[in-house]
Amino acid sequence: MAFDKELLVALEAAGKASKLIRKEYESFAAVPDAPVDISTHVDKASQELILNILRAAYPNDALCAEESVAGFESVPKSGKRTWVVDPIDGTRGFAKKVGQFSVMIGLLVDGEAVVGVVAEPAQDRTTYAQRGNGCYCAVGDETLTRCRVSKRAPGALVMTQSWAKPGQPSKASEAIKPAKVIETYSGGVKLAQVARGDADVYANTYENFYDWDICAGHVLVVEAGGTVTDLAGRPIVYQAADFSQRKGLLATNGPAHAEVIKKLAGG
């Protein structure tokens, strides 16, 4: 089944949210020591805008999103068709004004991620995909480009991860020993980097994160030819009772996947 209309609606919502965020970003006072759990009025404004667009287009679909906003309390958060939204993924990157954040909109149908949009407002870049139709990237008004994962071998991997403390490599990087490490605040950006071939591996080793942290980006990597599983190599399962993910996530270019799983397991 094609999801052309759903993708267009998601792109519209992400585009309008990006425009709102860019305007707010210009005047936002930077918070140099922004905490991990920071949330801003822009997060809520972005989410409200997105949910209103999705609700108007698909009034019977469930809406699962990170923030709590008024007016959507009675809308189901899970169902056969569920939109999964992170209005600003990497809010620390927004609050610190380092440009590392994204808008993430995904669609689950029968628990499978079938549409994904990751928009990066500061870069005016959008990476998107729908099941069975490939992954694409648009930057501003430039020509649309098809995204494909890299072909780098396990011995020359570029790894993307969250920012580590200076002088304290992450456990994942110590295990994988990549040739290069890229750091960013947004999980959506990390998954888009793997899909575009800018990075080869992203290992989310947090003990707990949520569906909205990965759903949209999951589709990008798969449609670009990569592989996405939990840290043990099993399929990602969405829509737990609390929408949590407790088994981690590993996204790679494919050829490196088995070797990275082995390294992360201590093998």
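**Seven-stranded sheet.** I started with an open sheet of seven strands, in the order S1-S2-S3-S4-S5-S6-S7 and with mixed pairing. Its edge strands are S1 and S7 (145-147), each of which pairs on one side only. From one strand to the next the twist averages 20°. I took helices (H or I, at least four residues) and strands (E, at least two) as DSSP runs numbered from the N terminus, and two strands as paired if DSSP finds at least two bridges between them.

**Basis.** The model is predicted: local features need pLDDT of at least 70 and side-chain atom pairs count only at pLDDT 80 or more, while totals for chains, interfaces and linings use all residues. Residues are numbered from 1 along each chain as its sequence is written, and side-chain values use heavy atoms, with hydrogens and water left out.

**Pairs in this sheet.** S1 and S2 pair in the parallel sense over four bridges; the bridge partner of Leu63 in S2 is Trp83. S4 (residues 112-120) and S5 (residues 125-130) are antiparallel, with six bridges, and Glu120 has Arg125 as its bridge partner in S5.

**Strand S1.** Buried means under 20% relative accessible area, exposed over 50%, and partly exposed in between (1.4 Å probe, protein chains only).

**Val75.** This residue lies in the loop between S1 and S2. Is Val75 buried or exposed? Val75 is buried, with a relative accessible area of 9%. Neighbours within four places in sequence aside, I noted Arg55, Asp61 and Leu63 in contact with Val75, where contact means heavy atoms within 4.5 Å. Val75 and Arg55 are 20 residues apart in sequence and 9.3 Å apart in space, C-alpha to C-alpha.

**Helix H2.** H2 (residues 41-57) has 17 residues and reaches 25 Å from its first C-alpha to its last, close to the 24 Å expected at 1.5 Å a residue; the expected span is 1.5 Å times one less than the number of residues. I listed its buried residues as Val42, Asp43, Ser46, Gln47, Ile50, Leu51, Ile53 and Leu54. They cover an arc of only 160° around the axis, which puts them on the same side of H2; the arc is that of the directions from the helix axis to the C-beta atoms. His41 and Ala56 are exposed on the face turned away from the buried side. The buried residues of H2 pack against H1 (4-27), S1 (62-65), S2 (81-89), H3 (91-95) and S3 (102-109).

**Helices on the seven strands.** H5 lies across S2, S3, S4, S5, S6 (135-139) and S7, at about 100° to S4. H6 (residues 215-223) lies across S2, S3, S4, S5 and S6, also running at about 100° to S4. Axes are lines fitted to C-alpha atoms, for helices over the stretch in contact, and angles run from 0 to 180 degrees between N-to-C directions.

**Five-stranded sheet.** I then turned to an open sheet of five strands in the order S9-S8-S10-S14-S12, with mixed pairing. S9 (180-183) and S12 (227-229) stand at the edges with a single partner strand each, so one side of each is left without a neighbour in the sheet. Neighbouring strands are turned by 15° against each other on average, direction ignored. S8 (residues 158-161) and S10 (residues 201-204) run parallel and are joined by two bridges.
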